[in-house]
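Thanks, everyone. I will go through one model this morning, a few residues at a time, and then step back to the chain. Please have the viewer open.

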Amino acid sequence: MQETTTAELRPQAGVGLADPPDFPAPAVVTQSVRTQSQTPLHRRLLATAGQSLRAGACMLGEEADHGRLLLFSPVFLGAGSAFWFLAASDFPLVASLFCLLVSAAAVFLTGPSRPALRASFMALALFAGGMLSAQFESWRASTVILDSSVTTTVTGRVERREGDGRGRWRYILAVAGTEAPELKRPPRRITAIVRGTDAPFEIGDIITGKARLTPPAGPALPALNDFSFGAYFDGIGANGFFYSAPEKLDLEAGPQAARSTADALLEWLHQLRSSIGDRIRSILPGDTGAFAAALVTDERRAISHATTEALRQSGLAHIVAISGLNMALSAGIFFVGFRMLLSLFPGVAQAYPTKKIAAAGALIAVTAYYLISGFGVSAERAFIMMAIMLIAVFFDRPSISLRNVVLSALIIIAISPSEVLGPSFQMSFAATLALVSGYQLWKDRRVRENAFLKLPIIRPVVAVAGFFGGVFLTSLIGGFSTALFSIEHFHRLTAYGLPANLATMPIISFIVMPAGLLAMLLMPFGLDAPLWKVVGFGLDLVIAVAKTVSGWGGDIGIGRLPGWYFAAAVAGFLLLTLLRTRLRHVGTSIIAISTLIVLLLPVPRPPDLVISEDGSLVAVVAAEAIASNRENPPDFIFDQWQRALVLPTHDPPKMLDGPAIPEGEDRRVRLSRDQQNEASAAMRAAAAGGEANRFSCVKKAWCTSRLGNGHIVTVIDNAAYLGPACDTADIVVTSVRLRFNSCRSGGTLFTGETLRRTGSLELRFADAGLEVTTAFDALSRPWMRHRAYDWRNDRFTDSSPSGVSDSDG
């Protein structure tokens, strides 16, 4: 090849350049490239990081210019509320108020030239405001919770009622008095189940009867849901049941009037709600009627357990709850129908803004729907969201926007900050955020015109495909957005929710909701029965789909995940849905990385032994099954254990024939020496000869099990067997509230009294000894204080749970 010289590469004089410069020699160019390639790696990384930071700052400025940072206001407000509720003790009111005032003043004093600093002070002010709202709600509730289980005669006024379709009624009673025994610290409001009544009591009736009352349940395992938290803010101080049908006082008198106008209005709404439910169930029997009533009044107790489980396992349980779907469909159907009706009158359509009139009518309709729905948090969120969207129509503003979602979240958090920790609030807002964000991305997409799709023959196909495509995307986005919260609260996922929703959404949208809305409009005139039959036809199809899909399986148990994962994943989800620039993919990275870490980290060691908060249920946890001391353990607790520990198999105890104290004798009666020796020998024989990691039980007396590591656990139903149990076992559990908490033999003793203060327990055997994880570390929060109350002295004792002692007593 002919060599080209440098002179030949120079442009000729007079051709394009007056004074053409010399090109550098090839050697110089080679040297420059070599120098750049030899730049140290850390410098190149620093340069890349600097460029990324500058790009991030630029995108952050773009987010601020579009007002996206304001969308995080409910996040900080809710975080402050959650922080206050999850803290170990109450914060001083003065400190929270001072923080709010200082940060608010800093927001006003900081000029617009420093937006980052101003946004930081605003976030701090919202955080402090969330803490104050949580503290105010706690003070406003001030619910008196029953300290321990008791059997007493209760007299109370019926405030609400709900039937379950099997002859049982659940009443909410305002307690007027107790006797035999008279409670020193009675709850103001309780829920009680009544069986065997010919006709339900009316709202306002005063009833009395002998009832068994228990405090609201705490966590079934440490770190699970504390039901006493929700009961405290709902104003419910105890749950229970009447042993027999209670009596109505003053049979000739009618229902007693409410104490205030607000209470009277509320009770009238509950009575209307109950009568609507009764009317629907009288037309549509069985699960169909119960399902239809639940869609209108949110009364779900009448739906059978089999149908409820089928709806849950198929991912259709959200249909039963009055949520965004129901509220949006009712508002949309009324809005479109009313507007079409007005368009039939040209004079009205030309002279008046029919769109705004239809929006006003839809607003009245959804308000009425909310008032008879029972005021659940999902209905509250959906109502506020729909009200904001319809009001936006009055001012010619966009109805579907993230600002509307944020505004509804701010209102709910300000009114009921305790809902921030509940699954209903979290799942409903997660689905709404994801759907609105997805809608905006879809709306902002680039659309290419296609003449083929506008052909008259093709348009119907496009419309049908668009509907099912919308249902597909809605179900997909809604399922993915709520999966994280389903795992956190329920420890499971539904695998076949997408096909179930695809099959049922057309039925709900075109049959159930339109016919139901017309039926409600015609109900005052008694012309609603035929339309409820149409609703029943559609719901029968939905139930059939639910049972078919649930038969496929797909109920995936996940178990408990590390606490940090939920916080990190929620942060990533919020960034992904609230931001509009490429910064939102930081949220995607957070979710992906945190999920990968959870998958790669070793699975935490499960407990060896779990104990319920009252000591009546104990289970040995093995790799393949969970073995309890009950042949039929209570579903409420045991289902939570199985979901959290991902152990579907249950090994019931082996029942033995043995000496037991006759039923009805004093639980604290002493055994004779011969009876003690006989019981000790029977316990030793059962532990030695029984199957490892499985209980052997004498009914209404004791249960014992030899664990795989050689330790022996004994559960006694009767305190008379405490001596033999302590002599033969390493760990003894009893539900009896004893005044001591250790065995003289050195064995570890858990009693009803110690468990009342610690809550449920997880036990792990380690080289250093027995590791005990308690549900409660302290009892200083308002919804826990009842556990520290001593009814004998009528005072609260030390708020710290009793420590576990294995020393001699």
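I start with Val646, which at 37% relative accessibility counts as partly exposed; buried means under 20% relative accessible area, exposed over 50%, and partly exposed lies in between, with a 1.4 Å probe and protein chains only. This is a predicted model, where local features need pLDDT of at least 70, side-chain atom pairs count only at pLDDT 80 or more, and totals for chains, interfaces and linings use all residues. Residues are numbered from 1 along each chain as its sequence is written, and side-chain values use heavy atoms, with hydrogens and water left out.

Back to Val646. Val646 is in the loop between helix H23 (635-645) and E12. Helices (H or I, at least four residues) and strands (E, at least two) are DSSP runs, numbered from the N terminus. Val646 is not a glycine, yet its phi is positive, about 55 degrees. Most residues other than glycine have a negative phi, and most peptide bonds are trans.

Ser142 also has a positive phi, near 45 degrees. Ser142 sits in the loop between helix H6 (115-141) and strand E1 (150-163), and with a relative accessible area of 35% Ser142 is partly exposed. As for peptide bonds, the one from Ala180 to Pro181 is cis, with omega near 0 degrees. Pro181 belongs to the loop between strand E2 (168-179) and strand E3 (189-195).

Next, the sheet that includes E12. In what order do the six strands of the open sheet run? The order is E12-E11-E10-E9-E19-E20, with mixed pairing. Strand E12 (650-651) and strand E20 (769-774) are the edge strands, each pairing on one side only. Two strands pair if DSSP finds at least two bridges between them. Strand E9 (residues 609-611) and strand E19 (residues 761-766) are antiparallel, with three bridges. Val610 has Glu762 in E19 as its bridge partner.

Now a helix position. Is Ser481 buried or exposed? Ser481 counts as buried because its relative accessibility is 5%. Ser481 is in helix H18 (residues 459-490), and its side chain reaches the backbone oxygen of Gly478 at 3.0 Å. Leaving out residues up to four places away in sequence, Ser481 touches Ala430, Ala431, Ala434 and Phe573; contact means heavy atoms within 4.5 Å.

On the surface, Trp564, Ile593, Ile597 and Leu601 form a nonpolar patch, together about 370 Å² of accessible area. Areas come from the Shrake-Rupley method with a 1.4 Å probe, and for residues only the protein chains shown count as cover. Patches are made of residues with over 30% relative accessible area and no salt bridge, joining like charges within 9 Å and nonpolar side chains (Val, Leu, Ile, Met, Phe, Trp, Tyr) within 5 Å. A salt bridge is a side-chain nitrogen of Lys or Arg within 4 Å of a carboxyl oxygen of Asp or Glu.

Last, the whole chain. There are 26 helices and 22 strands, and 44% of the 809 residues count as buried. Of the contacts with a separation of 6 or more, 67% are between residues 24 or more positions apart. The accessible surface is about 41,600 Å², and 62% of that belongs to carbon and sulfur atoms.

Technical notes:
Polar contact = N/O pair within 3.5 Å; in protein donor to acceptor, adjacent residues only side chain to side chain.
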